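Here is a short briefing on helix packing and nonpolar cores in one structure. Please look at the sequence and the model first.

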Amino acid sequence: MRAQNEPAWLLHHRPFQDASRILDVLSRNHGRLSLVARGSRSGRSRLKGLLRPFMPLQLSWVARSDLGTLTGADRLGAPVALAGEALMAGYYVNELIIHLVHRHDPQPDIFAAYAATIEGLQGGSQVPARLREFELELLRLLGFALDLGHEADTEASLEPSRHYEYRVEHGPAAAGERTGTMIFTGAELLAIRDRDFADPATLRAATRLLREVIAFHLGGRELKSRKVLLDMHRLGK
């Protein structure tokens, strides 16, 4: 398989042999894949400084197996400047893509959602809300959409004043208790469904809900960037 001038983002890279790197890439029309960038760690390589996360790229490659070989790379736009919390949020989004999106599965809608999120993080405003929006959209596009409008058993519409327990593989169920990790008011779940995070309480509820849902789909795998983000929030940074 050959690909020419394919829009792509670099998610992660690691050293390979003496002067090469293996790139984990999200491409628009070929999905997530891994490529060898031969000689890219050499001081004389024209790719040095180009192959990095948050740089919109145009890549060409040839693949005869699961691991392809990069044959060309150019910038497709200006790099997205991220710093502090926004930078760690970008790495968190990258880790989600690596762990949740299957290889070689074309997902142009995920590619578009990823690009919009990374570009939206620039400037560092409303970072938690942007992450919750991306998590909800990614889950929807992967077929794991959350039903936040109806009770799972009865299909009755959620009542804003009532309390519900959200069960990851089931959905909302009427709750007798008012507190708990996965207990939410109907108003909170409806606002999360509408991606309305203007109320800080709704954003906190969405963070609590999506942390558990995503942990379930990760199957016990821990994300390094999530731990750093949590530590930053605890320290007030």
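This is a predicted model: local features need pLDDT of at least 70, side-chain atom pairs count only at pLDDT 80 or more; totals for chains, interfaces and linings use all residues.

Residues are numbered from 1 along each chain as its sequence is written, and side-chain values use heavy atoms, with hydrogens and water left out.

**Helix pair**
- Helix α1 (residues 84-100) packs against helix α5 (residues 200-218) at about 40°, with the axes 10 Å apart; helices are DSSP runs (H or I, at least four residues) and strands are E runs of at least two.
- Tyr 92, Leu 96, His 99 and Leu 100 of α1 meet Ile 214, His 217 and Leu 218 of α5, contact being heavy atoms within 4.5 Å.

**Nonpolar cores**
- The largest nonpolar core has 50 residues, of which Ile 97, Tyr 114, Leu 138, Leu 146 and Leu 209 touch the most other members; a core joins buried Ala, Val, Leu, Ile, Met, Phe, Trp, Tyr and Cys residues through side-chain atoms within 4.5 Å, buried being under 20% relative accessible area with a 1.4 Å probe, protein chains only.
- Another core, apart from it, has 18 residues, among them Val 25 and Leu 35.

**Helix α4**
- Because 6 of its 8 residues are buried, α4 is largely enclosed by the rest of the structure.
- The cover over those buried residues includes α3, β6, β7 (171-174), β8 (183-185) and α5.
- Arg 195, which follows α4, has a positive phi near 55°.

Technical notes: Axes are lines fitted to C-alpha atoms, for helices over the stretch in contact, and angles run from 0 to 180 degrees between N-to-C directions.
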